[in-house]
Amino acid sequence: MTKHRLGVVLNGVTGRMGYRQHLVRSVLAIREQGGVPLADGSRVQLEPLLVGRDDDKLAEIASRHGLTRWTTDLDTALADSDFPVYFDAQLTSVREKAITRAIDAGKHIYTEKPLAESVEGALTLARRAAAAGVKNGVVHDKLYLPGLRKLARLVDSGFFGRILSVRGEFGYWVFEGDWQSAQRPSWNYRAEDGGGIVVDMFCHWNYVLENLFGAVRAVTAKAVTHIPSRVDEAGEPYAATADDAAYAIFELDGGVIAQLNSSWCVRVHRDELVEFQVDGTRGSAVAGLHKCVVQPREVTPKPVWNPDLPEAGGYRSQWQEVPDNAEFGNGFKAQWEQFVRHVVADEPHPYDFLAGARGIRLAEAGLASSRTGRRIELGEPDRE
């Protein structure tokens, strides 16, 4: 079996997402399986070069996983021709400058979202990457979740008939950091550091809605900061200047209406941390991270409103689970494999910098809607 080697500069691996999802569950998992399989039967093995700001942390991570290459000098890493791919999982506030340096170094770019802090910044990166002739991609991990892959299968099969609406609930209670440590880094709650749930989640919602149901044409949103002060990793209180919850209505192509709530201030009474209910003329479905259940038109019960009597049976028992019919792996790893094939074998990878820019555009529109109290139209999405 022929094996190809692909060097990857991984910047930001000391952070939660960079380490857990991208290094351990993606790059190292790919190494353990012997590389990324290609259509011709050969494999691409990844060789990571770790980059971060703390030499001790990098050394410890490298030692833990038997890796030999790490540095705190990004320019040195970018100058190494043995590593043609650059990946970024840093703070949003420093990502744009680092990606610009990587493009100028001739690297192919794969990055966490959001791509930049503004639409103009994202479009500038897209233009710069196109001019340099480097391949580029932005993480679209939610599309690779088992529950959403089952939902996409239903959409593709025509199960829903004409889709009417999408309703989504995402979130959980993130501890304030006083009597229990927070599950998310404190920068998430500081607008000056690129935090906020709108910037974080609307980029996700844009590609989920766009790829499953239709492009977003207008948004009406309300972003709020429910918890005004929190305690950071050092035990120091700080002002939460970023939004920690957002409530939005998205108008899609074809007249589909999507209502999505995103919150770090909600206690979970759902089967999974994120759930989408899709209702159509011929059937409905509810999808989460892993499960998906359906109720076709032909077996839809006939509920009758009667507040004088308690419900005799549970509504959830009236739904049928969609089988896996496939083996679903880690979504981050699946997209890493797709991007590697894009770089090495020129296979398709539609989730490029322009796709990332459309996500940022939706986040900016959501914040503008919340700030002005107006419905914001987006017009035709930029796909050029």
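This is a predicted model: local features need pLDDT of at least 70, side-chain atom pairs count only at pLDDT 80 or more; totals for chains, interfaces and linings use all residues.

Trainee: How many disulfides does a search of the whole structure find?

Mentor: The general idea is to look for two cysteine sulfur atoms within 2.5 Å. Here the search of the whole structure finds 0 disulfides, and Cys 203 is in none, the nearest cysteine sulfur being that of Cys 265, 19 Å away.

Trainee: Is Cys 203 buried or exposed, and is Cys 265 buried or exposed?

Mentor: The cut-off to keep in mind is that a residue under 20% relative accessible area is buried. Cys 203, at 6% relative accessibility, counts as buried, and Cys 265 counts as buried at 16%.

Trainee: Turning to charged side chains, how many salt bridges are there?

Mentor: Side chains of opposite charge can pair when their charged atoms come close. In this model the count comes to 22 salt bridges, and one of them joins the side chains of Glu 47 and Arg 31, with 3.3 Å from N to O. Since Glu 47 lies in strand S3 (residues 43-51) and Arg 31 in helix H1 (residues 16-32), the pair ties together parts that are 16 residues apart in sequence. Glu 47 is partly exposed, with a relative accessible area of 27%, and Arg 31 is partly exposed as well, at 26%.

Trainee: Which residue forms a salt bridge with Lys 150?

Mentor: That residue is Asp 324, and the closest N and O atoms of the pair are 2.6 Å apart. The pair links distant parts of the chain, 174 residues apart, with Asp 324 in the loop between strand S17 (320-321) and helix H8 (331-345) and Lys 150 in helix H6 (residues 146-157). Asp 324 counts as partly exposed at 39% relative accessibility, whereas Lys 150 counts as buried at 2%.

Trainee: What are the relative accessible areas of Arg 230 and Asp 244?

Mentor: Arg 230 is buried at 2%, and Asp 244 counts as buried at 0%. Their side chains meet in a salt bridge of 3.8 Å, N to O. Arg 230 lies in strand S10 (residues 229-231) and Asp 244 in the loop between strand S11 (237-239) and strand S12 (245-252), so the pair ties together parts that are 14 residues apart in sequence.

Trainee: Which residues are linked in a network of salt bridges?

Mentor: Such a network links Lys 113, Arg 184 and Asp 200.

How values were computed: Residues are numbered from 1 along each chain as its sequence is written. Side-chain values use heavy atoms; hydrogens and water are left out. Buried means under 20% relative accessible area, exposed over 50%, partly exposed in between (1.4 Å probe, protein chains only). A salt bridge is a side-chain nitrogen of Lys or Arg within 4 Å of a carboxyl oxygen of Asp or Glu. Helices (H or I, at least four residues) and strands (E, at least two) are DSSP runs, numbered from the N terminus.
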